[in-house]
Amino acid sequence: MLKRFSISLEEELLEIFDEHIKARSYSNRSEAIRDLIRKTFVKEEWELDKQVMGVISLVYDHHQHKLQEKVTLVQHDYHHHIVSTTHVHMDHDNCLEVIVVKGKAKEVQDLAAKLTALKGVRDGNLAMSSTGKSLH
Ligand code: NI
């Protein structure tokens, strides 16, 4: 059930907000505010080391000695945290690996850090999301 409430905002701040939501293609202010609120709670779930979900993306050169093997090895060490892995051959040299992960926030962050730190990994990112249990 949706409930309505009104917000008082300085004119200048509202103008900035309207530009922000226009740039992000929101159809109305309510949806933009709902997303901001949810984002805050997702961030809090990560900070409180709750059960979360995320996506790790890695770009690496598969010619780098034993890198492919190490990427696989680390993932097997964390196999309980890995939901799926997709490997994309980007071009002749580079691979993109997209890993959907779940578990305690700190463990998922450790996994992302270990993969990103491997020599030859050119880009590593962790998109932090959440199972949303407290975000209905
Ligand atoms: Ni590849």
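**Exercise 1. The nickel site**

Cys95 counts as buried at 2% relative accessibility, where buried means under 20% relative accessible area, exposed over 50%, and partly exposed in between (1.4 Å probe, protein chains only). The model is predicted: local features need pLDDT of at least 70, side-chain atom pairs count only at pLDDT 80 or more, and totals for chains, interfaces and linings use all residues. Residues are numbered from 1 along each chain as its sequence is written, and side-chain values use heavy atoms, with hydrogens and water left out.

Task: State which residues coordinate the nickel ion, and through which atoms.

Solution. 
- Step 1. Donors are N, O and S atoms within 2.8 Å of the metal (3.2 Å for Na, K and Ca); water is not among the atoms, so sites may look incomplete.
- Step 2. The nickel ion is held by NE2 of His87, ND1 of His89 and SG of Cys95, at 2.1 to 2.4 Å.
- Step 3. Along the sequence, the spacing of these donor residues is H-x1-H-x5-C.
- Step 4. His89 is exposed, at 63% relative accessible area, whereas Cys95 is buried.

**Exercise 2. A salt bridge between strands**

Task: Say which parts of the chain are tied together by the pair Asp61 and Arg122.

Solution. 
- Step 1. The side chains of Asp61 and Arg122 form a salt bridge, 3.4 Å from N to O.
- Step 2. Asp61 belongs to strand β1 (residues 51–61) and Arg122 to strand β4 (residues 121–128), so the pair ties together parts that are 61 residues apart in sequence.
- Step 3. Asp61 is buried at 14% relative accessibility, while Arg122 is exposed at 53%.

**Exercise 3. Helix α4**

Task: Check the span of α4 and work out where its buried residues fall around the axis.

Solution. 
- Step 1. The expected span of a helix is 1.5 Å times one less than its number of residues. For the 13 residues of α4 (residues 105–117) this gives 18 Å, and the end C-alpha atoms are 18 Å apart, which agrees.
- Step 2. The buried residues of α4 are Ala105, Val108, Leu111, Ala112 and Leu115.
- Step 3. Viewed down the axis, these residues fall within an arc of 130 degrees, so they line one face of the helix. The arc is that of the directions from the helix axis to the C-beta atoms.
- Step 4. Leu111 has a relative accessible area of 0%. Leu111 and Met1 are 110 residues apart in sequence and 38 Å apart in space, C-alpha to C-alpha.

**Exercise 4. Positive phi angles**

Task: Locate Ser25 and Lys66, and give the phi of Ser25 and of Lys66.

Solution. 
- Step 1. Most residues other than glycine have a negative phi.
- Step 2. Ser25 has a positive phi, near 65 degrees. Ser25 lies in the loop between α1 and α2 and is exposed, at 65% relative accessible area.
- Step 3. Lys66 has a positive phi near 60 degrees. Lys66 sits in the loop between β1 and α3 (67–77) and is partly exposed at 46%.

**Exercise 5. A nonpolar surface patch**

Task: List the residues of the nonpolar surface patch and place Leu9 in the chain.

Solution. 
- Step 1. Patches are made of residues with over 30% relative accessible area and no salt bridge; like charges are joined within 9 Å, nonpolar side chains (Val, Leu, Ile, Met, Phe, Trp, Tyr) within 5 Å. Accessible areas come from the Shrake-Rupley method with a 1.4 Å probe, and for residues only the protein chains shown count as cover.
- Step 2. Phe5, Ile7, Leu9, Leu13 and Ile16 make a patch of about 500 Å².
- Step 3. Leu9 is in the segment before α1 (11–23) and is partly exposed at 38%.

Key. A salt bridge is a side-chain nitrogen of Lys or Arg within 4 Å of a carboxyl oxygen of Asp or Glu. Helices (H or I, at least four residues) and strands (E, at least two) are DSSP runs, numbered from the N terminus.
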